[in-house]
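Okay, thanks for coming, everyone. Let me put the model up on the screen and then talk you through it.

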Amino acid sequence: MLSKELSITRERYRGYLDALKKEGIEADSNLSICCSHQDEENIQLIKALLQSSDRPDGILASVEKLPYLPIMQSKKTIFRFRMI
């Protein structure tokens, strides 16, 4: 998420939570991060999430540029990415 205050972000997040609920999946707030307008800070946030012991097996981004940040850094990590 880029900003919890934006109505579009709240709507998209609510849709994400509704989809999880529909599939019987409990939401984990540790897997949701709120990014900033600074690419380097966002790279560090996403990198920390991907390196955590309970890392996700996918990224769903509400802002188009956010999923590309870890890809730009992928040569520096052990992670492999596939865009769908």
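I'll start with the ground rules, then go from the overall fold to a few side chains.

So, this is a predicted model, where local features need pLDDT of at least 70, side-chain atom pairs count only at pLDDT 80 or more, and totals for chains, interfaces and linings use all residues. Residues are numbered from 1 along each chain as its sequence is written, and side-chain values use heavy atoms, with hydrogens and water left out.

Overall fold, then. The protein chain has 3 helices and 0 strands, and reading along the sequence you get α-α-α. Helices here are DSSP runs of H or I with at least four residues, strands are runs of E with at least two, and numbering goes from the N terminus.

How much of the chain is buried? Of the 84 residues, 26% are; buried is under 20% relative accessible area, exposed is over 50%, and partly exposed is in between, with a 1.4 Å probe and protein chains only. The chain exposes about 6,800 Å², with carbon and sulfur atoms supplying 52% of that. Those areas are Shrake-Rupley with a 1.4 Å probe, and for residues only the protein chains shown count as cover.

Contacts: take those with a separation of 6 or more, and 46% of them join residues 24 or more positions apart. Contact means heavy atoms within 4.5 Å.

Now, charges. Searching the whole structure turns up 1 salt bridge, meaning a Lys or Arg side-chain nitrogen within 4 Å of an Asp or Glu carboxyl oxygen. Glutamate 11 and arginine 14 make it, at 2.8 Å from N to O. Both residues sit in helix α1 (residues 7-22), 3 residues apart, or about one turn of the helix. Glutamate 11 is partly exposed at 43%, and arginine 14 is partly exposed too, at 47%.

Next, what about disulfides, how many does the structure hold? The count is 0, using a cut-off of cysteine sulfur atoms within 2.5 Å. Cysteine 34 is in none, and its nearest cysteine sulfur belongs to cysteine 35, 7.0 Å away. Cysteine 35 is likewise in no disulfide. As for accessibility, cysteine 34 is partly exposed at 34%, whereas cysteine 35 is buried at 7%.

Last stop: alanine 61, in the loop between α2 (39-50) and α3 (68-72). Alanine 61 is partly exposed, at 32% relative accessibility.
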